[in-house]
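Hi everyone, thanks for making time.

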Amino acid sequence: MFIIIPPLFIILLFAVYHYIRPTRTNSTHKHPDPFPFPKHHIYPPNGHQGSKSPSHEPQRPRRKTPLQQQLASDKALYYQLQNFQDYPEVLPVARKRLLELINHCIQEVSKLPDQDKAKTILSIPSFDAEALKNFLQAQDDITTARFQEYLKRRKDGGEREMFKDRSYAEYWIRQSAPVKYVDGSWLGGVHRVTTRPQERRWTKTAWQILSEELGDGDLEKNHVAVYERLVHSVGGKGRGDEKEFVESGNRDARVWTAAVAQLAVSLESDEFLPEVLGFNMAYEALPFHLLVTNHELKELSIDPYYFLLHIVIDNNDSGHSAMGREAVVGLINSAPNEVTAQALWRRVQAGFILAEGLPTTPTPHSPTILKLLEIFDRKAITAKPMHIACPAKIGGKNGKTISEWLDPEKYHSHCHDFLIALAESRWITPGEPEESRLLQELKWGGRMFGAFTNEEVVVLRAWIEELGDQTYLVPKPTTVMEDYQKFIGRGKLPRAVVKEQMPVQVQLVDAPKGATEAGNKTEIPLQRALSLLILAAAPFEYLPSHLVMTASPNGMAAIKVLRALYGFLPETEMVAGMDEVHRGEPLGVVEISQRLGGRLDESDGLVRVVMGMSRMPRKYWWELVGVQMGLVEGVMKERVWREYGVEKELVEELGQIAGRVRGVLRSSVEKAGKEERERVRRGQWVVMEALQKGRRRSEVEREC
């Protein structure tokens, strides 16, 4: 059997290959650093991401739109915040970005007509707990009504409204990952040992929400792990703190910006606490898109459990929505006077506006994009053989050749990623069709003249114009956060404490042989014991700022340790929800110490070392396990506190907390290897040596 190939096709194939074949060149082009901070590059700004493959793209400098510059900057910031112990210089950059985002969202809501402002949190000008409850209930009622209308449309024969097909649903899940991998991170900095005593009851409620988001120490229930499993089931790669993930084809600016806001707002929770609680209150409300996502994923036979989980656990009766509101009401009602209460309310509103003002879902496909996807679908059969001889890729090292992108059998599985790769290539100049090389090649005299009809070119042109849309651009403020400052009614912004959070270098030494097995019977002066009792809650307190790290067996062990030290009830199969809130005042190790007149002595060398190590949980993980064990044995034994004359109830409470912590740590160490156990001993020695030195110093002082 012979296949007759038309001569015209052969000529066209030769012309296309001759034009796109790799060319040798000795010239090099040095690209400017697209990131606002030094030392680290995720990928070069030319879209190739370091690929050495021959380029299918004309070699000319590529102009980045302001939105693309924002995307590159936010992706880099996201990566560095996920790994901030390796990039401490990013902390002041993140604070500035947070303030820009708050300022921008306040600007946008202030532009709304009065009738639209009346539908926002601004409809409550002065704090009123009942008005707040009614407002949040009204928001839920509106969402419920919208969903009922949606269900009626579907029952009447309407098509799916979020996901046209399974391919787009899988793409949407992958695109949403940057936000989902930081789910709850805005609460990662609350309820630390430095939190002000008068705020700890309400920060404990907020931290409980975070704990339940993290599965209360059960990896199977950890929300980040649940979403990670979902992403990997639909072809996603990498974990949220890995380069592979950040370098993947996710170029949706608004998703990365929203994720950066969630990470940044947690960095200085003590100073931004009202904003954090306001942000949380908005985020825990029930959004319409969540209900539709759950409904349509189920239709497409994709596991919707992550989304169902949030619909249920965030309920406004006993779930996270109710707890978030309770934390806000409690904080404001605890204010010493009306002026302070109203000032706190304005800052809560600012946080609420930030959460409401930054979309967290991928940018939906416009009608133009849907038409363009259909056009390429129709052309795939014809176009694939025309490019089969070209090895060049579009999309860089994670990209594909043109024939691979346009493979008719696989096109539907990656068509959405293809459009992203094409948009980022040098064939397209966003917002400028006439400057785009692809459009030029479709005109008379171009090598692709006649490949697209006139109507198809109209669609292509409209798509390129849409790529220049700056809707989700967050511009730099013309004055220094003026809108935010005016809104909260104060001349100064919350105090910057990023320097105090900078990781420090710690010199560790090996423990003398047998030292840690000998136990610790060191006597400690009462005030130092009270300070170190507070310190006992510090070793793992920075871990919740690294949510991806919590999605592991070690991370779950640390969450259980923190739950015990913070005074939460032991874990069960269920969530505590509002039951824990109704228990009243928290009674963790910090509260017990403060009730006895204790405070954290930050001039103590041991305190400084442990606090420094705690900020780097990835680097010092096993040493921190040892430090935690050393503090439990050194300052949490019931015998010690009975000798100090502490009341029986508090001594027994400390004993129960210490027992829970010992059980978790013992289980972790039993699974560790030889090297890890040596690191644990090194951490124990940090505590024991400091206590022994303190004892000798006390004896000298008594003799004098």
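This is a predicted model: local features need pLDDT of at least 70, side-chain atom pairs count only at pLDDT 80 or more; totals for chains, interfaces and linings use all residues.

Residues are numbered from 1 along each chain as its sequence is written, and side-chain values use heavy atoms, with hydrogens and water left out.

So, what is the protein built from? There are 32 helices and two strands. Helices here are DSSP runs of H or I with at least four residues, strands are runs of E with at least two, and both are numbered from the N terminus. Of the 704 residues, 56% count as buried, where buried means under 20% relative accessible area, exposed means over 50%, and partly exposed lies in between, using a 1.4 Å probe and protein chains only. As for contacts, meaning heavy atoms within 4.5 Å, take those in the protein with a separation of 6 or more: residues 24 or more positions apart account for 79% of them.

Now let's look at helix α11, residues 273-283. Ten of its eleven residues are buried, which leaves α11 mostly covered. Those buried residues run through L273, P274, E275, V276, L277, G278, F279, N280, M281 and A282. What do they pack against? Their partners are α5 (129-155), α7, α10 (253-265), α14 (320-333), α15 (338-357) and α21 (482-488).

Let me pick out α15. Its axis and that of α11 are 6 Å apart, at an angle of about 45°. Axes are lines fitted to C-alpha atoms, for helices over the stretch in contact, and angles run from 0 to 180 degrees between N-to-C directions. So α11 and α15 are oblique to each other. On that scale, under 35 degrees is roughly parallel, over 145 roughly antiparallel, 65 to 115 roughly perpendicular, and the rest oblique. On the α11 side you'll find P274, E275, G278, F279, M281, A282 and Y283, meeting L344, R347, V348, A350, G351, F352, L354, A355 and E356 in α15. By class, that contact has eleven nonpolar, two polar and three charged residues. Here Ala, Val, Leu, Ile, Met, Phe, Trp, Tyr, Cys and Pro count as nonpolar, Asp, Glu, Lys and Arg as charged, and the others, Gly among them, as polar.

Next up is helix α6, residues 166-180. With helix α8 (residues 223-233), α6 packs at about 160°, their axes 10 Å apart. That makes the α6 and α8 pair roughly antiparallel, and their crossing is left-handed. I173, S176, A177 and K180 of α6 make this contact with V224, Y227, L230 and V231 of α8. The tally there is six nonpolar, one polar and one charged.

What about the cores? A nonpolar core is a set of buried Ala, Val, Leu, Ile, Met, Phe, Trp, Tyr and Cys residues joined through side-chain atoms within 4.5 Å. The largest one has 174 residues, and Y78, L132, L535 and M636 have the most contacts inside it. A second, separate core of 28 residues includes Y411, F418, V459 and W463.

Let's stay with L535 for a moment. Not counting residues up to four places away in sequence, L535 touches L600, L606, V607, V610, M611 and L631. L535 is also one of the buried residues of α23. Eight of the ten residues of that helix, residues 526-535, are buried, so α23 is largely enclosed by the rest of the structure.

Most residues other than glycine have a negative phi. H191, though not a glycine, has a positive phi of about 65°. Is H191 buried or exposed? At a relative accessible area of 0%, H191 is buried, and its place is in the loop between α6 and α7 (200-213). D216, in the loop between α7 and α8, also has a positive phi, about 50°. D216 counts as buried too, at 11% relative accessibility.

How values were computed: A crossing is left-handed if the near helix is turned anticlockwise from the far one by less than a right angle, and right-handed if clockwise.
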